[in-house]
Amino acid sequence: MRLVGRIKSLLNDVARSRGYHIERIVDYGEHELDILRLAVESLRPEDPGFYFVQVGAHDGRTGDPLFRFVERYHWRGLLLEPQPDVFKALAENYSGETQLVLENAALAREDGTLPLYTVDGATYLASFDRGRLRDRVRDPARITEIPVDTVCFATLVERHAINRVDILQIDAEGFDFEIIRMALHSPLPKPRMIRYEHLHLSPADRGACADLLASHGYRMFRDGTDTMAYLQASQ
C-alpha cells in the first residue's frame, strides 16, 4: 500500500508540473447525465421537418445511438448500410418506420462500386481499408472482401431531395473525416449536429477534423469514443 501511495503521489506531482490534475472518475450508473439526449432535445426533435442522415447504420439497434429517438419522434431520415445481410436486419428493425429511406450502399467520394472489407462474426467491423481491420483482428483469415455500391453525398442530396440535415450520424471505421468534409462542402445548410467516431482516426486527422469543424462554427465535446459537434446558433 505504501508503494501504491508513492506511485499515486509521483503521478500527481508530474501531472501538476505540466498543468494537469488527476481525478478519480466515478461511475454514476443510472444517475449519469445523458449528454446525447440533452443535445437532441435542444434541437427541437418533435419538429415534423426534423431530418437525419446516418452513415453506417448497421442493423439499427446494436449499439445504435439514434434508434430510441427515431422510435419516439418518428423522424424522417436516410440510413446507409453497405453490408447486404446487415442491411436486411436494418430493414426489419425499422419496418414500422415507413417514413425512413434505407439505402444498401456506402458513402464514398464517387458513385460506383468498391471492395468493402468485413470480418466474419463481427459485422460491426467494415472498412474500405483492409489494413485498419488487420490491425484489429488477430486472425487475418477472418477478413473477407465484398463488392458494395457506393454513392457520394451530392448524389444522395439530389436523389432524395434533401434540403436540411439536423443530425449527421457517422460510424465509418476511420472514413468519418472524409464524410464530414463532403457534408460541409455540400450546398446544403450545415448539419446542426454531427456525431462521429473519432476512435479510428489518426492523431493528425483527429486534430484536422476538429479544426475543420471549429472553422465552420461547431463546438465539440467527447462522448466516449465518439465526438459530438454542435453548430452554434449564430452560424
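What follows is a walk through the sheet, the helices beside it and the nonpolar cores.

## About the model

This is a predicted model, in which local features need pLDDT of at least 70 and side-chain atom pairs count only at pLDDT 80 or more, while totals for chains, interfaces and linings use all residues. Residues are numbered from 1 along each chain as its sequence is written, and side-chain values use heavy atoms, leaving out hydrogens and water.

## The sheet

Let's begin with the strands. Helices (H or I, at least four residues) and strands (E, at least two) are DSSP runs, numbered from the N terminus, and two strands pair if DSSP finds at least two bridges between them. Here an open sheet of mixed pairing is built from seven strands, in the order 3-2-1-8-9-11-10. Strand 3 (100–103) and strand 10 (218–223) are at the edges with a single partner strand each, so one side of each has no neighbour in the sheet. From one strand to the next, the twist averages 10°.

Strand 8 (residues 167–170) and strand 9 (residues 193–197) run parallel and are joined by four bridges. Across this pair, leucine 168 faces isoleucine 194 of strand 9.

## Helices on the sheet

Helix 7 (residues 176–184) packs on the sheet, where it touches strand 1 (51–55), strand 8, strand 9 and strand 10. Contact means heavy atoms within 4.5 Å. The direction of helix 7 makes about 160° with that of strand 9; axes are lines fitted to C-alpha atoms, for helices over the stretch in contact, and angles run from 0 to 180 degrees between N-to-C directions. Helix 8 (residues 203–215) also packs on the sheet, touching strand 9, strand 10 and strand 11 (226–231).

## Two nonpolar cores

In soluble globular proteins, nonpolar side chains tend to be buried together. A nonpolar core is a set of buried Ala, Val, Leu, Ile, Met, Phe, Trp, Tyr and Cys residues joined through side-chain atoms within 4.5 Å; buried means under 20% relative accessible area, exposed over 50%, partly exposed in between (1.4 Å probe, protein chains only).

The largest core has 33 residues, and Leu107, Leu168 and Ile194 are among those that touch the most other members. Helix 7 gives the most to this core, with six residues. A second, separate core of 20 residues includes Trp75 and Met228.

## Two sides of helix 4

In helix 4 (residues 84–93), Val86, Phe87 and Leu90 are buried. On the other side, Asp85, Lys88 and Glu92 are exposed. The buried residues of helix 4 pack against strand 2, strand 3 and strand 6 (122–127).
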